[in-house]
Each structure stands twice: as C-alpha cells, then as structure tokens.
Amino acid sequence: MARYRGPRLRIVRRLGDLPGLTRKSPRKAYPPGQHGQARRKRSEYAVRLEEKQKLRYNYGVSERQLLRYVRKARRAAGSTGQVLLQTLEMRLDNTIFRLGMAPTIPAARQLVSHGHVTVNGSRVNIPSYQCRPGELIGVRNTEKSRELVKANLQYPGLANIPGHLELDKEQLTAKVNSVIEREWVALQINELLVVEFYSRQA
C-alpha cells in the first residue's frame, strides 16, 4: 500500500493521538463510521494491528518499509521493539519534525524531498535517510529554504526538542549527539505488540 493521503483526522479518531501525522484534534471522540459509537470487544489480533497501524500512519511508512525495519531490528542487538522505534525516530524526515523545522512528519518529508535540507553540508533529499550521531543537519543557504524553516520554527509541532538533538535557531543548524532514548519517543505506543504482530511474518 502506498503512502496514506486521505483525511488525517479520520485516522486520529480511529487510532488515537498521532503527533507526527497532524496537529489538529478531532471534534468527535469516537471512531469514524456507522458503528463508531458501538462498544465491541476487540480481539488480540485487532489490538496488535492497531498498534502497528499507529506506527505506520505516524511515521508515514508503507507496509513493506515497516516490515523491512522490523526484520532489520530483529538482526540488531538489544530489544527488537526499542531498536524499531529508534530506527523510525532517526529517519531524516522525523528528525526535521522533532527539531521543529516542520509542523508534521508529512511536511518534513516534503521539506526534505524538495531539497531544502543538508546533512554535513551536502543536500539530502531522501526522507528515510538514517541520521547518525555526530552528523550536522542544516538548511540550504537560499532565501526560500531559510524563510520556510524560520516560519515553521515559530510554531513547532511538539514543545520539546529531544535530548539527542541540539538546535541552533540563529544558524538554522542542528547536531545529532546520539541515538534517541525510548523516553523521548512522543508517540504513545506498545512496541512489543508490533513485534508480536510481525512475529509470524518477519
């Protein structure tokens, strides 16, 4: 399935708060659809599926990409769920969002794709690029790029910049100091259920 381009609040009503997907809050507190207000017991599969969908929609990755990330996390040392979250959080589009240079992850992806962002002085237009400790993230030295990012920094999507990032608002540069810690992940999710969901596939 390709990247989701439909109504975002519909997804938020179904899955709960997704800070990377949209800044808007739904007016209705129940899930969308004809049976949205009906109380129904959810199966274990449904609970795991919902957690997996939260990851997919929040970070804007396809099913194939997410499965690839899960397989990669399985091969890495440490907790598979934590490694999976760290991999998603260290994507360039998410890093731009967490720095406040874009209001949402889809907006950050567009910023990267359109060539406004640099890594270590070189332009990078791949949203899935994995940021590594020690790398310097910047904005292209053009008026359009800098004005766009300055405007976004006045109204960041999230209030706090995570501890692994360091931002210089004057120079519009940031440094990746380390890999993100679990407590800095803004999405409310049980990553173990996601790993369990893929246990038969990955």
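Two strands count as paired if DSSP finds at least two bridges between them. Helices (H or I, at least four residues) and strands (E, at least two) are themselves DSSP runs, numbered from the N terminus. With these terms in place, I turn to the structure above. Three bridges join strand β3 to strand β5 (residues 173-176), and the two run antiparallel.

Before going further, I should state the ground rules. This is a predicted model, in which local features need pLDDT of at least 70 and side-chain atom pairs count only at pLDDT 80 or more, while totals for chains, interfaces and linings use all residues. Residues are numbered from 1 along each chain as its sequence is written, and side-chain values use heavy atoms, with hydrogens and water left out.

Let me begin with confidence. The term pLDDT is the predictor's confidence in each residue, from 0 to 100. The chain averages a pLDDT of 85, and 82% of the residues score at least 70. Among the elements of the chain, the highest mean pLDDT, 96, belongs to strand β3 (residues 136-139), and the lowest, 68, to helix α1 (residues 8-15). Where pLDDT is low, the predicted coordinates should not be read in detail.

Next, the overall layout. The chain has eight helices and five strands. Read from the N terminus, its elements follow the order α-α-α-α-α-α-β-β-β-α-β-β-α. Of the 202 residues in the chain, 44% are buried; buried means under 20% relative accessible area, exposed means over 50%, and partly exposed lies in between (1.4 Å probe, protein chains only). The chain exposes about 11,500 Å², and carbon and sulfur atoms supply 46% of that area. Accessible areas come from the Shrake-Rupley method with a 1.4 Å probe, and for residues only the protein chains shown count as cover. As for contacts (heavy atoms within 4.5 Å), residues 24 or more positions apart account for 61% of those in the chain with a separation of 6 or more.

I come now to the sheet. In which order do the strands of the open sheet stand? The five strands are arranged as β2-β1-β3-β5-β4, with antiparallel pairing. Strands β2 (122-123) and β4 (165-168) are the edge strands, each pairing on one side only. Strands of a sheet pair through backbone hydrogen bonds, either parallel or antiparallel.

Threonine 118 is located in strand β1 (residues 117-119). Three bridges join β1 to β3, and these two strands run antiparallel. The bridge partner of threonine 118 in β3 is glycine 138, and valine 119 stands opposite isoleucine 137 in β3. On the β5 side, glycine 138 stands opposite threonine 173. Threonine 118 has a relative accessible area of 12%, so this residue is buried. Leaving aside residues up to four places away in sequence, threonine 118 touches Arg123, Val124, Leu136, Ile137, Gly138, Val139 and Arg140.

We turn to the helices. Why is helix α4 (residues 80-89) described as largely enclosed by the rest of the structure? Nine of its ten residues are buried, and therefore the description applies. Among these buried residues are Val83, Leu84, Leu85 and Leu88. The buried residues of α4 pack against α2 (44-59), α3 (63-75), α5 (92-98) and α8 (191-197).

Finally, the aromatic residues. Rings of Phe, Tyr and Trp (its six-membered ring) pair if their centres lie within 6.5 Å; planes under 30 degrees apart count as stacked, over 60 as edge-to-face and the rest as tilted. By this rule there are two aromatic pairs. In one of them, the rings of tyrosine 45 and phenylalanine 197 have centres 5.6 Å apart and planes at 35°, so the pair is tilted. This pair links distant parts of the chain, since tyrosine 45 lies in helix α2 and phenylalanine 197 in helix α8, 152 residues apart. Tyrosine 45 is exposed, with a relative accessible area of 53%, whereas phenylalanine 197 is buried at 10%. Phenylalanine 197 also forms an edge-to-face pair with tyrosine 198, at 5.2 Å centre to centre and 90° between the planes.

Serine 199 is partly exposed, with a relative accessible area of 44%. The C-alpha atoms of serine 199 and valine 70 are separated by 9.4 Å, although these residues are 129 residues apart along the chain.
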